[in-house]
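Hi,

Here is the structure I promised to pass on. My notes follow below it; please have a look whenever you have a moment.

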Amino acid sequence: MTGIPDKHLTLFRTIGEVAESINQQVFVVGGYVRDYYLNKLSSDITDIDFVSVGSGITLAQKVATKLKANRISVFKKFGTAQVKFNGLDLEFVGARKESYRKDSRKPAVENGTLEDDQLRRDLTINALSWCLNPGSFGVLHDPFGGISDLKSRIIRTPIDPGQTFDDDPLRMMRAIRFATQLDFNVEDKTMAAIKKMAHRLTIISKERIIDELNKIVLASRPSSGFSLLLESGLLGEFFPEMVNLLGVDEKKGQRHKDNFWHTLEVLDNIAETSDDLWLRWAAIMHDIAKPPTKRFSPDTGWTFHGHDALGAKWVPRIFRRLGLPMDERMKYVQKLVRLHLRPIALASEEVTDSAIRRLIYEAGDELEDLMALCRADITTKNEWKQTKFQKNFDRVEKNIKEVEEKDRIRNWKNPISGEQIMEVLNVKPGPVVGQVKERIKNAILDGIIPNDDDEAYRYLLKIKEEYT
Ligand code: CTP
């Protein structure tokens, strides 16, 4: 246990001594032990899992008293308790036999040995434990070859995968999540069981699924996780729109790109430049509505007109169904999906200031993220084209900078208020107020008048006649 922070060692010894005093055995188990052997133990870890042979609740209560930690939560039904101590969540569970499944005729929790508990866990690499009792402090228990799997980078269940996944189908997502985060391979037998049992994911709540999915999205190469989700059949269980992106059509010798693999390339590209979950979600969703907008014409080839607007329309429905937040984060993704073609349209030499001004106005604070998404969207393997497209965006960014310095259009607010319009036009509230406001906005964005309060007021006086 070399390399473990002293504060954790002291805590572990205390917990071992408390367990010994009530004739229990206690082990630290799960992520802490796994991450230690992976050399990934982070000093700001917040959760540590303990398993005891005997009541986990009793042990947690004694530990809380000893540590003078007065925040303890007991979950009787699950036989677990959580003690909050020095910024740590210490999770205690009594070693259990049988499965997680609630069976009305059996008690939900049946006491078992350490071995019983370990074989009920999700993966061999998560079933490692260290004893904390004084006589055998730090002794490793690895009954399923977890250390060897860590070395050979394998994701595998401790017992027959069918049984492990039957106990809790979310573990199929977890297997793929860990494979993605750690860059491990899923063992063939385990993968075969996931394929066979993928449909069982339907009994799992969307909240639990999205937690795992977001960890995949946040991995350094999320595409490997999505590719496993596709291969296993899990993706189709909760995100059929994404599966629909798969496939290439050919007509008159013209093929379009496979939008599923393209989306994953865009996602990996954005993952190289940003850890922002929502920017990554924008990458996942940017082409989501391509399948229903796909058309072929002998003159222009394959087109996907309107996939940006339709995709933006789909965002709330997909977010709601997946259990993603329905607040400004959804709006942000929606905005990027809606605008993701606009910078491409601005890449031609003869772009006008007014088109640039409109993009700045519409994208607002999201402009930089939109440009990052557009750059990530260039997935051509032709180096000449890649350089050309990136240079085009350099030019768009330069234009944006120049227009911004001149016109201060970002987060622009109309300098003329509704009250001013009513006063000048001598009208009551009504649609005409909105029309005039829109006209002033367009005059500024189109460069007819400068972005200036006095100029806008003068313009209002000038157009007044047309409305009175
Ligand atoms: N576990 C399990 N089945 C699950 C969830 C968890 O068997 N569906 C077990 C595993 O042994 C896991 C431990 O409970 O190691 C703790 O679970 P959790 O805190 O969710 O995950 P960690 O392994 O600690 O990893 P992470 O913090 O990355 O989620």
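Which residues of the largest nonpolar core touch the most other members? They are F226, F239 and W281, in a core of 133 residues. By nonpolar core I mean a set of buried Ala, Val, Leu, Ile, Met, Phe, Trp, Tyr and Cys residues joined through side-chain atoms within 4.5 Å; buried is under 20% relative accessible area, exposed over 50% and partly exposed in between (1.4 Å probe, protein chains only).

Before going on: this is a predicted model, where local features need pLDDT of at least 70 and side-chain atom pairs count only at pLDDT 80 or more, while totals for chains, interfaces and linings use all residues. Residues are numbered from 1 along each chain as its sequence is written, and side-chain values use heavy atoms, with hydrogens and water left out.

Back to W281: setting aside neighbours within four places in sequence, its contacts (heavy atoms within 4.5 Å) are I210, L213, N214, V217, F239, L322, L324 and V333. A second, separate core of 7 residues includes F27, V51, V93 and C131.

I209, I210, E212, L213, N214, I216 and V217 are the buried residues of α9, and they pack against α7, α10, α11, α14 and α16.

Helix α8 (188-197) buries T190, M191, A193, I194 and M197. These lie on the same side of α8 because they cover an arc of only 160° around the axis, taken from the directions from the axis to the C-beta atoms. Exposed D188, K189 and K196 sit on the face turned away.

Best wishes

Note on methods. Helix = DSSP H or I, 4+ residues; strand = E, 2+ residues; numbered from the N terminus.
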